[in-house]
Amino acid sequence: MVIPMTKEMQFSATSGLEPSPSEAHPKIHASCVHVSYSGRPAIRDVDLDIRANSVTALIGPSGCGKTTFLRCLNRMNDIIDGCEVRGNIQLDGEDIYAAGVDTVVLRRRVGMVFQKPNPFPKSIYENVAYGPRIHGLAGKGKDLDATVQSSLERAGLWDEVKDRLDAPATGLSGGQQQRLCIARAIAIEPDVILMDEPCSALDPIATARIEELIDELKQNFTIIIVTHSMQQAARVSQYTAFFHMGELVEEGETKVIFTNPKDPRTEAYVTGRIG
Amino acid sequence: MTDQAYPPNLVTDAVPGVRKRHGKEIRFRLLGLSAILASLGFLVFFVASIVITGYGAFVKTVVLVDVDLSQEALGLEAGYTSTDLEDVSYRTVVRGAIRGMFADVSGRSARRELTGLLGAGAEFELKDIVLKNPELVGSQQSFWMTASDDFDLFNKGGAKEETATQLTPQQKDWYRGLLRDGRVKTAFNADFLTASDSRDPELAGVWGAIKGSFFALGICLLLSFTVGVLAAIYLEEFAPKNRWTSFLEVNINNLAAVPSITYGLLGLAIFLGIFGLPRSASLVGGMVLALMTLPTIIISSRVALQAVPPSIREAALGIGASHIQAVFHHVVPLALPGMLTGTIIGMARALGETAPLLMIGMVAFIADAPSSVLDPASALPVQVYLWADSPERAFAEKTAGAILVLLAFLVLMNLAAVILRKRFEKRW
C-alpha cells in the first residue's frame with residue numbers, strides 16, 4: 001500500500017512535528033518491493049519511505065520479512081543464492097538496483113550492524129581501521145589513529161578499550177563487541193546505518209547502552225532498526241513500520257502506531273495479542 | 001502422587017529394565033576399550049618389531065686393523081706428491097694389513113676368507129684417512145675399519161653359531177680371536193644416513209632416497225598447494241552453485257579415491273610419453289604425487305572454508321569490502337589452519353607413496369644422491385621396496401632402518417601440522 005505524501009503530512013501535523021525538507025525528500029524511497037527466495041515469496045509489494053536523520057523501527061512477528069526488507073537496502077541479499085528482488089529502491093533518488101550500481105560503493109554509504117556481534121577475529125584497532133583503510137578514507141599512522149579514536153568515541157567504547165587497542169576484539173563482552181561493530185560501521189562515515197536486531201543477544205544493561213547510542217547517532221546518520229521488542233521500538237524510534245506475513249501493514253510515526261493504529265492487525269500486535 | 005506399584009526407593013532394581021539398560025552400557029564400554037587396546041597392541045607390535053630389526057642399521061661392526069703406512073708399503077718413492085698419494089693401491093695396503101695380523105694364514109682361499117672380514121669400503125676409508133692426514137705416511141697406525149656385512153651380522157647377532165651361515169668356521173674363529181683381543185666393537189653407523197644406495201649392504205645408506213623424497217615433496221607441495229587452494233577458494237567462494245559445479249565436486253571426491261598407481265600410469269603416459277620429461281626424475285615424481293594429493297587438498301580446503309562462519313563474510317561485505325577483499329582479508333586467514341593441516345596430511349601420504357613412483361621409473365638403482373630435480377632419484381618408500389627385494393641378508397635391517405627414517409619424517413610432518421594449527425588458530 002502506498003502511503004501518499006499528504007497522509008504523512010497529516011501524521012506529522014497531528015503529532016506536532018514540523019515537516020522538514022528531509023521528509024519531503026526521503027533518504028530512502030522503496031516502492032513495490034517484492035523479494036522471493038528460490039521462488040518462494042518473502043515480502044510483497046512493500047512501499048516505504050525512510051526519513052533522513054531519524055530512527056525508523058521495523059517491527060513484526062518472526063518471519064514477517066522485516067530483516068529481508070532491511071537487507072534489500074544495502075543489497076546484502078545479493079549474496080544469498082536464489083534470492084530475487086523486484087521493485088524500486090532509491091537512495092537519495094538513485095535506484096540502488098540499477099545496472100552499473102556497485103555494491104561496494106552502495107555499502108560504503110549504507111552500513112550495517114548485524115544481529116549477533118561479529119567482530120573480525122583481529123585486534124580492536126584493526127576492526128575499526130579496516131573499513132577506512134580499504135576505502136582509502138584515512139592515511140596511515142596518525143590519521144588512521146584519529147579516525148579509529150573518533151569512531152570508538154562516538155560508539156561510546158573509547159574509554160573502555162583505549163588501553164588495549166591491540167587486544168583481540170573477540171575478548172570483549174557481547175555488548176562491547178556490538179558497540180565495536182557499530183564503531184566499525186560508522187568509521188566509514190555512511191549515510192545510513194541498518195541495524196538487524198542489534199540487541200537480541202545482549203542483556204538489558206548492554207541494550208540500554210546501545211539504545212542511548214542509537215539516539216545520539218541519529219544526529220548524523222539515518223538509522224533503520226529491526227527489532228522484536230516493541231518497547232525498544234517505542235523507546236528509540238521516531239517512525240515505525242509494522243510488517244506482517246510479508247506485507248507492510250502500517251507505517252507512520254511511532255507514537256501514532258503505538259497509541260492509535262489504523263489496522264486491526266497492528267493493534268493486535270502492539271497490544272500483545274498476536275506475534 | 002500416584003498409586004503405582006513401584007517400591008518406594010531409588011535403587012536400580014526399583015524400575016524393571018534399568019539393570020538391563022546399564023548392562024548394555026557396560027558391555028559397550030568394554031567393547032570400545034578392547035577395540036582401543038587391540039589397535040594399540042598392533043601399533044606397539046608393529047613399531048617394536050621394526051625398531052628391533054631396524055636398530056641394527058644404525059650401528060655397524062668395526063675392526064681395529066694395524067696398518068703399515070711406511071713409504072715402501074704404500075709403494076711411494078721419495079719426493080712423492082699428493083697425486084701419488086691418491087694413486088696408491090689402498091686395496092693392497094688393506095689386504096696386507098689384515099694378512100699381517102694373521103701371519104700364520106696361508107693358501108689362496110684362506111687368504112680370501114681373511115680379506116672377506118673387512119667390508120668392500122675399507123680401502124676407501126683408509127684412502128680418506130691418508131689423504132686428509134698425509135703426515136701419517138711413514139708410521140705404523142691402527143684404524144677402526146668397517147667390517148663386512150656377514151661379519152657385522154654375526155657380531156650383532158651375538159656370535160651364535162646358527163647366525164650368519166655365510167661365514168666359514170675359520171672366519172668365526174678369527175672373529176673370536178679378534179673379539180678376545182678387544183679388536184671388535186660396534187659403532188654408530190653415520191654412513192646409513194649420509195651414503196646413498198649401494199650393492200654392498202655395509203655401504204648402503206638412505207641419503208639419496210631422503211634427498212629424492214625431499215625434491216619430490218617440494219615439487220608436490222608447490223604444485224598441489226597452490227593449485228589446490230586456489231581451486232578450493234574459487235569453488236567455495238566464487239563459483240556459481242549449479243549443476244556443473246556439483247558435477248565437478250562429485251568428480252573431485254571420486255579422484256580422491258582413485259588408486260594411486262593410476263596416477264603413476266597417467267604420469268608415465270603424459271609427463272614422460274608426451275612431454276618427454278626425464279625418466280626417474282624427482283620432478284616427474286613430484287608432479288605425479290601432486291596429481292594424487294590435489295583432491296585431498298581441495299576437499300580439506302573447502303571444508304576449512306565452509307567452517308568459517310558466514311557472519312565474518314557478512315561483516316566484511318557490510319562495510320563495503322569487495323568480494324575478493326572479504327575472501328582474502330578475512331575468510332582465507334581463518335581457513336588457513338585447516339588448509340595447512342589438510343595439506344600436510346596430503347604431503348605425509350605422498351611421502352609414503354610407492355606405487356605411482358614405480359610407474360615413472362623412480363625404482364632404479366641409483367648410487368648417487370640427486371643434485372637437482374632432473375637427476376635420476378630414488379625415494380624413501382621406494383628404497384624400502386628395493387632393499388626388501390635384495391637377496392643379501394644384511395639388507396633386512398637396512399630395510400627396517402629405512403622404514404624407521406620414513407616413520408620419523410611422517411611423525412615430524414604430523415607434528416608440524418599440529419603446531420601450525422595451534423599457531424594459526426583463531427577463535428571467533
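Visitor: What's the mean pLDDT of chain B?
Guide: This is a predicted model, and chain B averages a pLDDT of 88, with 96% of its residues at 70 or more.

Visitor: And what are the ipTM and pTM?
Guide: The model gets an ipTM of 0.84 and a pTM of 0.80.

Visitor: OK, over to helices. At what angle do H17(B) and H18(B) cross?
Guide: Roughly 165 degrees, and the axes of H17 (residues 380-388) and H18 (residues 395-424) of chain B come within 8 Å.

Visitor: Parallel or antiparallel, then?
Guide: Roughly antiparallel, because the crossing angle is over 145 degrees.

Visitor: Left-handed or right-handed crossing?
Guide: H17(B) passes H18(B) in a left-handed crossing.

Visitor: Which residues make the contact?
Guide: On H17(B), they include B:Leu380, B:Val384 and B:Trp387; on H18(B), B:Phe395, B:Ala402 and B:Leu406 are among them. By class, the contact has 10 nonpolar, two polar and one charged residues.

Visitor: Switching to chain A: what's the strand order in the six-stranded sheet?
Guide: The order is E6-E7-E8-E3-E9-E10 in an open sheet with mixed pairing. The edges are E6 (110-113) and E10 (247-253) of chain A, each pairing on one side only. From one strand to the next, the twist averages 15 degrees.

Visitor: How many bridges between E6(A) and E7(A)?
Guide: Four, with the strands paired in the parallel sense; E7 of chain A covers residues 192-196. In that pair, A:Gly111 sits opposite A:Ile193 of E7(A).

Visitor: Which strands does helix H8 of chain A touch?
Guide: H8 (residues 174-186) packs on the sheet against E6 and E7 of chain A, and its direction makes about 170 degrees with that of E6(A).

Technical notes: Residues numbered from 1 in each chain as written. Chains lettered and ligands numbered in written order. Predicted model: local features only at pLDDT ≥ 70, side-chain atom pairs only at ≥ 80, totals over all residues. Pairing = 2+ DSSP bridges. Helix = DSSP H or I, 4+ residues; strand = E, 2+ residues; numbered from the N terminus. Axes fitted to C-alpha atoms, helices over the stretch in contact; angles between N-to-C directions. Contact = placed C-beta atoms within 7 Å. pLDDT = per-residue confidence, 0-100. Parallel < 35°, antiparallel > 145°, perpendicular 65-115°, else oblique. Left-handed = near helix turned anticlockwise from the far one by under 90°. Nonpolar A, V, L, I, M, F, W, Y, C, P; charged D, E, K, R; others polar.
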